[in-house]
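Subject: Structure handover

Hello,

The structure is pasted below for your files.

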Amino acid sequence: MNGSLAGNAQLLLGLAENPPVDAVDVAVCPPFVYLGQAASGLDGCGIVLGAQNLAAFAGGAYTGEISASMLRDLGCEWVIVGHSERRGYFGESDALVVEKLRVALAAGLRPIVCVGETLAQRESGLAEQVVGAQVDALTQGLPDADAKSIVLAYEPVWAIGTGRTATPEQAQEMHVFIRQRLSAGGWLGEEVRVLYGGSVTADNASLLFGKPDIDGALVGGASLVAGNFLAICAAAARVSSGI
Ligand code: PGA
């Protein structure tokens, strides 16, 4: 829930100037009300559009909700599903996340599904159990899903907006676990893109991207400054081109 028309205008100008989109896929996911503004501001620059949430229903009388087809209408290609803030503040369950995934995929949106444990869960040694259950809900709820069309984002809740990043080793370890768990559930874990999210900055991005199972980042705070966000994209581009 960041942004304003005036602030976004500046941000979009900065983002649209020379983004490194040849080597990496770059998407921005602004709040719903700014999607139209972002679509115009990013037109032709190669950065694509996504949303931060969607309704679990395809359409109809659900006052206040935003459907997958409305997001497509505004040019969205991606949608974030099950962000920890949705799960934590708005009671989104694994079952609801699966419903949202279903409607997103049916409308041709590519979902970025978030999973991750809290600090208390990590400190109690429950991180894999918690993330494993979130992953199992996906493979069990959508056994026939095309794994390539879905992106997972591992976002340890204790690292989001806190300035406390998982170490590249911690993230790598969990990403391997996530792939194995996806494969055990019948999805092709090797084919699913797995992003890391949680206090990613221009300073730590290269080390994170250097790990073999970290395919990219879901960036929060650092995306509010165009230069910082583009520096993270550039780090991804460097790693993906082997420089
Ligand atoms: P952060 O946010 O990069 O500010 O930690 C990540 C997120 O909101 O998913």
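Where is the place of Lys-100? Lys-100 sits in helix 5 (residues 94-106); helices here are DSSP runs of H or I with at least four residues and strands are runs of E with at least two, both numbered from the N terminus.

Before the rest, the conditions. This is a predicted model, in which local features need pLDDT of at least 70 and side-chain atom pairs count only at pLDDT 80 or more, while totals for chains, interfaces and linings use all residues. Residues are numbered from 1 along each chain as its sequence is written, and side-chain values use heavy atoms, with hydrogens and water left out.

Lys-100 is buried, at a relative accessible area of 4% (buried is under 20%, exposed over 50%, partly exposed in between, with a 1.4 Å probe and protein chains only). Its side chain makes a polar contact of 2.8 Å with the side chain of Asn-53. A polar contact is a pair of N or O atoms within 3.5 Å; within protein, one must be able to donate a hydrogen and the other to accept it, and residues adjacent in sequence count only if both atoms are side-chain atoms. Neighbours within four places in sequence aside, Lys-100 is in contact (heavy atoms within 4.5 Å) with Asn-53, Leu-54, Ala-55, Ala-56, Val-81 and Glu-92.

Helix 5 also meets helix 7 (residues 127-141): their axes come within 9 Å and cross at roughly 45°. Axes are lines fitted to C-alpha atoms, for helices over the stretch in contact, and angles run from 0 to 180 degrees between N-to-C directions. That makes helix 5 oblique to helix 7 (under 35 degrees is roughly parallel, over 145 roughly antiparallel, 65 to 115 roughly perpendicular, the rest oblique). The contact is made by Asp-94, Val-97, Val-98, Leu-101 and Arg-102 of helix 5 and by Ala-133, Gln-134, Ala-137, Leu-138 and Gly-141 of helix 7.

Helix 1 (residues 5-16) and helix 2 (residues 35-42) pack at about 30°, with axes 9 Å apart, and so helix 1 is roughly parallel to helix 2. Residues making this contact include Leu-5 and Leu-12 of helix 1 and Ala-38 and Leu-42 of helix 2.

Finally, Asn-204 lies in the loop between strand 6 (193-197) and helix 9 (205-209). Asn-204 is buried, with a relative accessible area of 17%, and its side chain is joined to that of Thr-165 by a polar contact of 3.1 Å.

Regards
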